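Please keep the structure in view while reading.

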Amino acid sequence: MLSDIICKWEEYVLIINWLINNFRNRPDTEAIIFEDRVYNYSEILNMYEYSLDYFKKADLRPGEAVAIDCDYSPIICAAIFALIANRNIIVLLSSKSSEGQKEELMQLAGCSKRLIVKNESLTLENHNYVVTNILLEKLIEEGKPGLVLFTSGSTGKQKGGVHDLTKLLQKYKTTKGPNRILAFLHLDHVGGINTILHTLASCGTVITCKSRRPEDVCQIIQEHKVEILPTSPTFLNLLLVSESFRHYDLSSLKIITYGTEVMPETTLKRLVELLPNVKFKQTYGLSEVGILRTRSESSDSLWVKIGGEGYQTKVVDGILYIKAESAILGYLNAPNPFDEEGWFNTQDQVLVKGEYVKILGRKSEIINVGGEKVYPVEIENIIMQVPNIKNVVVIGAPNPLLGEVVTAKVNVINSESAMSVKDRIRRFCAEKLEPYKIPVKVEVTNDELFNYRFKNVRR
């Protein structure tokens, strides 16, 4: 047992040294563009060494849990690597959460400190909570750095997944690159932390953005020659509606990756048609298992291969299961999500075609109309073809006779009477869908239908 721990520890030290040596070997390469200023790898290395020195002077001990609730910046990225080197537990919180919510999650994770950033300096704020969770205690006992990622909580209470960073870091030794990538997905999201680790491990360039409005994103792509845009179908739909892509030079853009939710087929077809020089690639990742390697059948196809080194997949009764070497150890505040053989039930309903799968949506989101299954994205895909529709979210509503009926909330592009919108949607759906799939209720609203992650919210 002790020899295994020592072996893992030596392996971890080698990875950290390899990452930092990468920075030393590319001193003049652009590492991070933040608020229009370019920081090269020598500057990030200086910030890393400053962070290590500050943590030492602040007597931050290995194993202490440190909360971070900031978005991307050079000093935060450098501090994350320093916390890993110092063998701390990094607890990523959403900057959008209330102070009360943050305090509750810091207590849950046993955070003794919270990292505060002002300009390019760090301050550790004392919170004095103590680690009591058995999973975190195990990491501390073995001298390993850890990472706590919280689920979005859109369908219930947030769950804190505990990662062993010695396992998570392994995959980044084989990353390809370098590339210039826009840090669109937030830092507290599994896709956001993947952006940082993947890009900096390959000595690429991370371009940050203050605003995620379509026009601002397009301007950043133009100004900083972004090559890869990782984002969500909801954002891409807003990009189409705004037509911002027509007013900026996006010729540097090579790849757009999309994930976090199901992509409507209509949206993807339009994107491929309007941005023919860009490759569209579906991604797949979860807080519980990390980011898997994927390969789309083609740019305009929703069929995708999922897996890669360190991952196994299987489909049981139409549900996707994943086994991952880099899976979480478990949750801070929920039962173990893995079965006895280590398989994780993603709850994603899929179709299978050879090595490819097509994701239909979460099992919990399926609408049961008198025993008939209705997938929300199918209805959303139809409604998005109706003129003047900006966005739509379809959910089930309780019904005493049928169990559930289909309902839809929509945003419109230009002002129009609600009665007219509802009438056009119902008539269009009647031509395209079976009667039980036609929305019984259509609500026209000015409220945004997506959250700060640009993911449509179904409640």
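In this predicted model, the charged end of Arg37 is placed over the ring of Tyr39, at 4.1 Å from the ring's centre. Arg212 also has its charged end over a ring, that of Phe184, 5.8 Å from the centre.

**Aromatic pairs**

- Across the whole structure, a search identifies nine aromatic pairs.
- One of them joins Phe184 and Phe454: the ring centres are 5.5 Å apart and the planes meet at 55°, so this pair is tilted.
- Phe184 belongs to the loop between β9 (180-182) and α7 (190-201), whereas Phe454 belongs to the segment after β26 (441-444); the pair therefore ties together parts 270 residues apart in sequence.
- Both Phe184 and Phe454 are buried.
- Phe454 also pairs with Phe235 in an edge-to-face arrangement, with 5.7 Å from centre to centre and 85° between the planes.
- Because Phe235 lies in helix α9 and Phe454 in the segment after β26, this pair ties together parts that are 219 residues apart in sequence.
- Phe235, like Phe454, is buried.
- Through ring pairs, Phe184, Phe235, Phe450 and Phe454 are linked into a cluster.

**Helix α9**

- Helix α9 spans residues 233-242 and is mostly covered, with eight of its 10 residues buried.
- Among the buried residues of α9 are Pro233, Thr234, Phe235 and Asn237.
- The buried residues of α9 pack against α8 (214-224), β11 (228-231), β12 (255-258), α10 (265-274) and β24 (389-399).

Terms used: Residues are numbered from 1 along each chain as its sequence is written. This is a predicted model: local features need pLDDT of at least 70, side-chain atom pairs count only at pLDDT 80 or more; totals for chains, interfaces and linings use all residues. Side-chain values use heavy atoms; hydrogens and water are left out. Buried means under 20% relative accessible area, exposed over 50%, partly exposed in between (1.4 Å probe, protein chains only). Helices (H or I, at least four residues) and strands (E, at least two) are DSSP runs, numbered from the N terminus. Contact means heavy atoms within 4.5 Å. Rings of Phe, Tyr and Trp (its six-membered ring) pair if their centres lie within 6.5 Å; planes under 30 degrees apart count as stacked, over 60 as edge-to-face and the rest as tilted. A charge sits over a ring if NZ of Lys or CZ of Arg is within 6 Å of the ring centre and within 35 degrees of the ring normal.
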